Amino acid sequence: MDNQNQPLIFERSREGRVAFSLPELDVPEKPLTELVGEAYLRQDEPHFPEVSELELIRHYTALSRRNFGVDNGFYPLGSCTMKYNPKVNEQVARLDGLTKIHPYQDEQTVQGALELLYRLQENLQEITGMDAVTLQPAAGAHGEWTGLMIIRAYHESRADFKRTKVIVPDTAHGTNPASAAVAGFEAVTVKSNENGLVDLDDLRRVADETTAALMLTNPNTLGLFETQIQDIAEIIHEAGGKVYYDGANMNAIMGVTRPGDMGYDVVHLNLHKTFTGPHGGGGPGSGPVGVKADLASFLPKPLIMKRENGSFGLDFDRPQSIGRVKAFYGNFGINVRAYAYIRTMGGKGLFQVSKDAVLNANYMLKRLSGYFETPFKQLCKHEFVLSGSRQKKLGVRTLDMAKRLLDFGYYPPTIYFPLLVDEALMIEPTETESKETLDAFIDHLIEIAKEAESAPEKVQEAPHQTVIGRLDETRAARHPVLRYVKE
Amino acid sequence: MSEFRYLPLTEKDRHDMLDVIGINSDEALFADVPEKIRFKGELNLESKLSEPELIRFFSALAKKNASTTEYASFLGAGVYDHYIPSVVDSVISRGEFYTAYTPYQAEVSQGELQAIFEFQTLICELTGMEAANSSMYDGSTALAEAALLSNGVTRNKKVIVSESVHPEYREVLATYAHGRGLDVVTVPMKDGATDLEALEAATDDATSCVIVQYPNFFGQIEPMNEIEQIVHRVKRAHLIVSSNPLSLGLLTPPGRFKADIVIGDCQPLGISESFGGPHCGYFAVAKKLIRKVPGRLVGETVDEKGQRGYVLTLQAREQHIRREKATSNICSNQALNALASSVAMTAFGKKGIRELAKQNIQKAHYAAEQFQKSGIKIVTNQAFFNEFVIDCGRPVSEVNHELFAQGIIGGYDLSKSYEGYTNKMLVAVTEMRSKNEIDQFVKALGGISVG
């Protein structure tokens with residue numbers, strides 16, 4: 001990585017430089033004051049940088065060298081499925097016929113785009129075991145909220161207005177309770193048992209006539225399969241609620257089992273996790289939602305449909321729909337990439353993906369289990385959670401070990417999540433990593449565990465090799481500086 | 001030989017790894033999945049394609065679409081055909097950016113963090129606001145989240161929105177409002193802009209916020225001074241403004257009109273139309289609302305040695321810390337598109353952003369003048385940016401069909417969203433349209449509209 005201190009683009013600016021090229025205005029120019037009232041004409045110029053094209057490229061290239069992606073190295077960030085992002089997906093997603101098209105063009109002029117979306121819908125229905133799919137939600141959390149709004153509409157359609165609560169496990173991703181709140185529900189927690197699974201007695205206690213839904217990933221956020229999922233679904237269904245599948249962990253089960261077969265009513269997928277949409281430094285993602293037949297009429301509109309004459313269209317005639325959740329038809333460009341991935345792998349390939357993802361995780365768990373506390377003894381699925389509690393007693397925190405991993409050229413695992421596990425380290429290798437990569441990482445993590453005993457300060461003071469040291473987050477929050485201001 | 005190029009494990013690897021785990025088949029890895037719910041057989045998906053086949057297949061799908069490379073487009077209504085400097089794709093194609101995730105580990109994410117910090121600054125500069133977040137899904141969800149923010153602060157449930165706000169944005173607002181139990185009141189238009197008398201009548205002590213679009217859905221410039229006075233006459237009410245960021249290169253920024261929240265979509269700045277997404281919502285606020293902002297914020301700080309660096313900050317607002325008490329449920333946003341917009345804004349620079357906005361306004365006015373000269377009625381009678389309304393005298397869908405045969409993608413059919421707008425077309429003219437294309441469009445439409 002680049003060790004030079006990196007100026008802001010504004011600090012590189014010199015008056016008069018440009019990095020754009022527009023044709024000369026070829027229509028007669030009128031005084032702006034004639035076109036727009038004086039009060040509406042901007043008096044000051046925005047302080048945009050003035051740089052040449054090469055300076056621009058050097059700036060962003062330098063920034064890129066201070067950033068770490070899957071292309072740089074192993075990125076075992078638990079719950080995020082940081083798998084390889086295929087290059088051919090980028091190539092096809094950039095075709096003019098897929099990027100330079102407007103959402104309001106006549107349907108007949110965008111048949112290829114509609115066909116692609118329709119085909120993707122069909123494939124996702126098969127993968128999830130659901131009856132209908134919308135591609136409109138822009139990301140996972142957006143899908144969660146969409147799914148909950150569908151469930152709300154379902155209960156309301158039955159004049160069942162007492163269902164105000166959504167049950168989430170104590171291990172749930174933070175978006176679950178947050179999405180419940182945005183959808184106007186109260187989030188209620190169900191406890192996990194000593195095996196890291198939903199405590200059925202506690203679930204029976206909290207499930208009642210006020211339950212709108214249960215949100216549950218499977219495998220759950222500890223990377224463990226909820227073996228009693230059918231009983232869980234039955235408890236919720238008997239209480240009159242719906243069961244929601246958070247698809248964050250779909251990478252573990254493709255072709256093994258399907259949410260639709262486990263008893264789930266609604267599912268969202270993270271196409272930017274399981275289906276190789278690039279994470280983009282934090283998006284754009286895509287969060288399609290699938291539902292069982294009894295909920296299909298509530299899906300957002302429009303849906304993509306195939307007409308009897310074989311053409312494709314947008315179906316707006318959906319009177320029970322929850323409405324729109326986003327302008328236009330979703331993050332089309334990400335859906336294109338996901339479809340390219342599905343067509344590259346096929347059914348057999350996706351099954352192999354899940355088998356290899358689970359194999360990689362269990363292999364790592366086994367090899368690391370002698371050096372770290374493992375809170376749960378059963379096999380894991382695509383990810384697993386270690387506890388740094390042993391190292392904590394030596395004064396080395398999980399945060400320190402994560403920072404030490406940076407020195408060895410890795411992006412660290414997810415840390416301090418799920419909250420249930422003390423000093424948690426959540427590791428998700430994905431199927432696209434080789435055994436050599438896993439072995440090297442394991443060896444380094446074991447080395448760090450040994451350092452925690454022999455030279456703890458080396459870990460506590462990490463990182464040593466990065467362009468910058470640990471940053472003062474308290475200062476950032478106490479005196480927020482959120483933009484550059486010229487001195 | 002492996003069948004799948006993204007899967008590196010060899011049969012020997014798999015065998016050795018199973019040995020280490022102490023099981024004898026990959027079946028045993030799934031012993032915890034009850035037999036009753038095991039999927040039998042192979043997923044019935046479309047057949048798999050090799051790389052050359054895949055490219056051919058996608059190219060064929062792409063060819064079934066009429067792209068703005070081949071057709072002169074006068075379609076806008078929230079999504080526009082604009083110049084995207086080639087440096088944009090060059091930068092966002094770097095694996096260090098597009099294969100990374102949210103910059104949780106700041107020491108190896110300084111590039112992304114700094115780029116977002118620069119994005120936040122550029123948005124503040126354009127909108128005249130004091131802080132901006134790292135992006136939202138799009139303009140429509142940014143608008144809905146602005147209303148939720150306002151409700152969270154004022155505790156009032158009444159959200160007033162002008163009918164001249166993008167119809168789809170209002171639909172998204174309605175969906176969000178239903179979940180939160182907010183009451184959305186739509187104020188009608190008069191002469192293509194918010195009816196000020198109706199706005200004044202609707203705005204009262206129960207009002208949480210008033211949402212207007214500037215320039216509005218019809219391209220018209222709303223009377224911001226008058227609107228601001230009406231809104232802020234109510235003690236706590238917020239003025240929320242949805243703006244095409246490109247227009248702000250030339251127009252007085254909403255911050256100058258004392259807007260409390262400014263939102264919109266960065267698509268016109270470096271992001272392709274992409275059939276409606278992914279685009280990139282922006283979200284900017286006045287200082288007093290910084291700690292209520294949804295989503296991620298990047299702040300400047302220092303490391304132990306005093307070196308300047310950037311971190312995700314004020315995270316106590318966010319879902320991963322606050323769970324159900326978070327200001328929003330947003331997690332992934334549109335970071336890569338925010339980067340694309342940043343690169344475009346940087347490429348345009350101080351001179352380019354103004355030149356671009358100027359060309360849009362000049363070309364749109366030239367087009368309107370030519371229509372008028374050729375006898376086509378211009379419905380818009382107030383100042384506008386790069387869009388205006390014409391009367392085709394015939395259903396717009398028919399007109400567009402005939403225009404398409406002449407290589408032109410016509411404007412937006414307003415009868416789809418507005419009563420009383422039969423035969424009215426919303427025409428967008430960007431810097432991408434040459435004088436020649438505009439003249440041809442006017443001529444073609446003249447031939448079609450008169451019948």
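Buried here means under 20% relative accessible area, exposed over 50%, and partly exposed in between, with a 1.4 Å probe and protein chains only. At 0% relative accessibility, Cys209(B) counts as buried. Cys266(B) is buried too, with a relative accessible area of 0%. Cys266(B) is in no disulfide, a disulfide being a pair of cysteine sulfur atoms within 2.5 Å. The nearest cysteine sulfur to that of Cys266(B) belongs to Cys280(B), 4.5 Å away. A search of the whole structure finds zero disulfides over all chains.

This is a predicted model, in which local features need pLDDT of at least 70, side-chain atom pairs count only at pLDDT 80 or more, and totals for chains, interfaces and linings use all residues. Residues are numbered from 1 along each chain as its sequence is written, chains are lettered from A and ligands numbered from 1 in the order in which they are written, and side-chain values use heavy atoms, with hydrogens and water left out.

Turn to the interface. Chain A gives 202 residues to the contact and chain B gives 191 residues, contact meaning heavy atoms within 4.5 Å. The two chains bury about 17,900 Å² between them, 61% of it on carbon and sulfur atoms. Buried area is the accessible area (1.4 Å probe) that two parts lose on being put together, summed over both.

Charged pairs cross this interface. The rule finds 18 salt bridges between chain A and chain B. A salt bridge is a side-chain nitrogen of Lys or Arg within 4 Å of a carboxyl oxygen of Asp or Glu. One of them joins Glu46(B) to Arg119(A), with the closest N and O atoms 2.2 Å apart. Polar contacts are counted as well: 104 residue pairs between chain A and chain B, both residues at pLDDT 80 or more. A polar contact is a pair of N or O atoms within 3.5 Å; within protein, one must be able to donate a hydrogen and the other to accept it, and residues adjacent in sequence count only if both atoms are side-chain atoms.

Which element supplies the largest share of the side of chain A that touches chain B? Helix α11 (residues 332-368) of chain A does, with 28 residues. Helices (H or I, at least four residues) and strands (E, at least two) are DSSP runs, numbered from the N terminus. The side of chain A that touches chain B divides into 104 nonpolar, 53 polar and 45 charged residues. Ala, Val, Leu, Ile, Met, Phe, Trp, Tyr, Cys and Pro count as nonpolar, Asp, Glu, Lys and Arg as charged, and the others, Gly among them, as polar.

Asn360(A) lies in helix α11 of chain A. Asn360(A) counts as buried, at 0% relative accessibility. Not counting residues up to four places away in sequence, Asn360(A) touches residues of both chains, including Pro429(A), Leu438(A), Leu9(B) and Met17(B). The side chain of Asn360(A) reaches the backbone oxygen of Glu433(A) at 3.3 Å.

Ser109(B) sits in the loop between α4 (95-98) and α5 (110-127) of chain B. Is Ser109(B) buried or exposed? At 3% relative accessibility, Ser109(B) counts as buried. Beyond four places in sequence, Ser109(B) touches Arg66(A), Asn67(A), Tyr411(A) and Pro103(B). The side chain of Ser109(B) also reaches the backbone oxygen of Gln105(B) at 2.8 Å.

Next comes helix α13 (residues 398-407) of chain A. Nine of its 10 residues are buried, so the helix is largely enclosed by the rest of the structure. Among the buried residues are Thr398(A), Asp400(A), Lys403(A) and Arg404(A). Their cover includes α12 (389-392), β11 (414-415), β12 (424-427), α14 (435-454) and α15 (456-460) of chain A. Gly409(A) follows α13(A) and has a positive phi, near 85°.

Finally, the backbone. The peptide bond from Asn218(A) to Pro219(A) is cis, with omega near 0°. Pro219(A) lies in the loop between β4 (211-216) and α9 (229-238) of chain A. The peptide bond from Gly277(B) to Pro278(B) is cis, with omega near 0°. Pro278(B) is in the loop between β9 (261-265) and β10 (281-285) of chain B. Asp191(B), a residue other than glycine, has a positive phi near 55°. Asp191(B) is exposed, with a relative accessible area of 52%. Arg323(B) has a positive phi near 50°, but is buried, with a relative accessible area of 15%.
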